[in-house]
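Please look over the chain below before reading my notes. The points are meant for someone meeting it for the first time.

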Amino acid sequence: MTEPKEAPRTAGAAPDELLPVASVPRIRAAVAEVLRPHRALAVTAFVVMVGSTAIGLLVQPLLGRIVDLAADRGSADAITTTGVLLVAVAVAQGLSAGYGLSLISRLGETALARLRERFVERALALPLERVEKAGAGDLTARVTADVSLIAEAVRNALPLLARSLLTIVLTLGAMALLDWRFLLAALLAVPVQVATARWYVARAVPLYAAQRVAAGAQQQQLLDTVTGSSTVRAFRLEGEHTERVTERSRSVVDLTMRGVRLVLGFYSRLHIAEYIGLTAVLLAGYWLVRQGSASIGTATAAALYFHSLFTPVNAALALLDDAQSATAGLARLVGVTDLPPAPESEHPVKTGGVDVTVSGLTHAYLPGHPVLHEIDLTIRHGERVALVGASGAGKTTLARLVAGIQPPTTGTVLVGGVPPTELGTSRTVALITQETHVFAGPLADDLRLAKPHATEDELRAALDRVDALAWADALPDGLDTVVGEGGHRLSGAQTQALALARLVLADPPLVILDEATAEAGSAGARALEKGVARAVDGRTALIVAHRLSQAAAADRVVVMDGGRIVETGTHDRLRAAGGRYATLWNAWSDTRENHSQPHTPHS
């Protein structure tokens, strides 16, 4: 069994470490800010929907007219004319409603697209330390589940809500035009509906917020378990992780069932309001007809008006359910979009290399448990330094601190005289790990992520510098070959060569390689090491060495053990000294010789 480098993380992020959630006033302000450039579209959509709803309100008086004609034994021609008008009203309303809803949908989709762009912009600029503390599950849930909820609300709930609210307001106005007492009778349902809405919102807001947090915790646990499956199996933690996934999932199910019970109670109260209002309108109509204040047709129109309110009122109130879910998701998106953008570096990017100075550096991920102790290290301009040591020696942590992923607990790290955490968006430091992502699309576009306006000659020169041009040209469509998800699959060595080519195009003065050739395989690693040498030529480089052949090629070797630097010097001097590095080198050389000897396969 190969022992993993570190035990898996088993606890979710603490609540105060999660990414922020926006307040309701801030949500309103953010939505207004996104909609402001599209005021003309919003006004046009509103006017069209008002006209469409007003046209639809002609149906009830026309039906009442038919009732009066029938009661008074009116002519067949008059009834036919009224029927034709009903058909014309239906056609006109259908056309105008369709156009109005399309305008609302366009407005909503445009605003959502802008909000999504801002979210991605801020998310990509988040410090990796912040993402790691919150957990990838929190960010993943926001960009998937929360965005899906908001998109669903924009595409379905928003048009329906707009139409429902207009219908409610204009229908109540039409009832008042028939007779103010019809409106008064209809309003008897409002107290019950308002009380129902307040009862629901008071319970739904915290419930749906809790659902989103629980979903993020579940996502994080699934990510931890699946991505760390080899480690979980190595430590025989399958049962424990299954129990944790079950616990997170049970929490989501419990909150979902609470939501179902809440919705059932919500609709039960709405039905009571409907019966109260309809009964009041029918009694008012009966009394007014008896008094001679209204005709049977007018009373019929009033009853039909109120009955027609069932659908929009229920829809508007029921959309509170979608609105609360969408608002909870929107709060989590706006919480990220409100984060300050990555600062623009005030320090110019240098060409070639930069000096790196680490002084008195001590670092602890947990208070009282330091993983690095009093590190002092200077890397000269253009020097290539290899970090060597057993797993857990602190090599990756030191590399992360030099890269500026997080500040040290104590001590200082300076890159070109500047703390790396203050370099902002400047391309002073490039960090390449063994986990390189291949983006879906043409290979050329993938390379241009490092230099958006690079010409094809520049792309080919970068590939050639890391010995990757031959296999790139051999792809089905050369640099236009689609790679990544759903495209041509690149090998581990090719993926790492792609990362090195991006490095050449980005041209940073400081390069940090954290076991960047670890996944390439022996033959691929040898070729990659040549590519690494060419890619970092002329730059300052800090290399976390997976293979000691990388250390042998470095200008200087720094040996770490237990979070401390125990040796430093050239490869030849350290081998001759017979210390920790010589022991590591001899063990590694023996392993290579044993692997190179012919052997008989065994089961």
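1. Basis. This is a predicted model, in which local features need pLDDT of at least 70, side-chain atom pairs count only at pLDDT 80 or more, and totals for chains, interfaces and linings use all residues. Residues are numbered from 1 along each chain as its sequence is written, and side-chain values use heavy atoms, with hydrogens and water left out.

2. Six strands, in the order 5-8-9-3-10-11, form an open sheet with mixed pairing. Strand 5 (429–433) and strand 11 (564–569) are at the edges with a single partner strand each, so one side of each has no neighbour in the sheet. On average, neighbouring strands are turned by 15° against each other, direction ignored. Strands (E, at least two residues) and helices (H or I, at least four) are DSSP runs numbered from the N terminus; two strands pair if DSSP finds at least two bridges between them.

3. Strand 3 (residues 384–388) and strand 10 (residues 556–561) run parallel and are joined by 4 bridges. Val 388 has Val 559 in strand 10 as its bridge partner.

4. Helices on the sheet. Helix 13 (residues 395–403) packs on the sheet and touches strand 3, strand 5, strand 8 (510–514), strand 9 (540–544) and strand 10; contact means heavy atoms within 4.5 Å. The direction of helix 13 makes about 155° with that of strand 8. Helix 17 (residues 492–506) also packs on the sheet, touching strand 5 and strand 8, and its direction makes about 175° with that of strand 5. Axes are lines fitted to C-alpha atoms, for helices over the stretch in contact, and angles between N-to-C directions run from 0 to 180 degrees.

5. A residue in helix 13. Is Ala 399 buried or exposed? Ala 399, which lies in helix 13, counts as buried because its relative accessibility is 1% (buried is under 20% relative accessible area, exposed over 50%, partly exposed in between, with a 1.4 Å probe and protein chains only). Leaving aside residues up to four places away in sequence, Ala 399 touches Ile 512, Leu 542 and Val 544.

6. A helix pair. The axes of helix 1 (residues 24–35) and helix 4 (residues 76–125) come within 9 Å and cross at roughly 110°. Helix 1 is therefore roughly perpendicular to helix 4 (65 to 115 degrees). Glu 33, Val 34 and Leu 35 in helix 1 meet Leu 107, Ala 111, Arg 114 and Arg 118 in helix 4.

Technical notes
Parallel < 35°, antiparallel > 145°, perpendicular 65-115°, else oblique.
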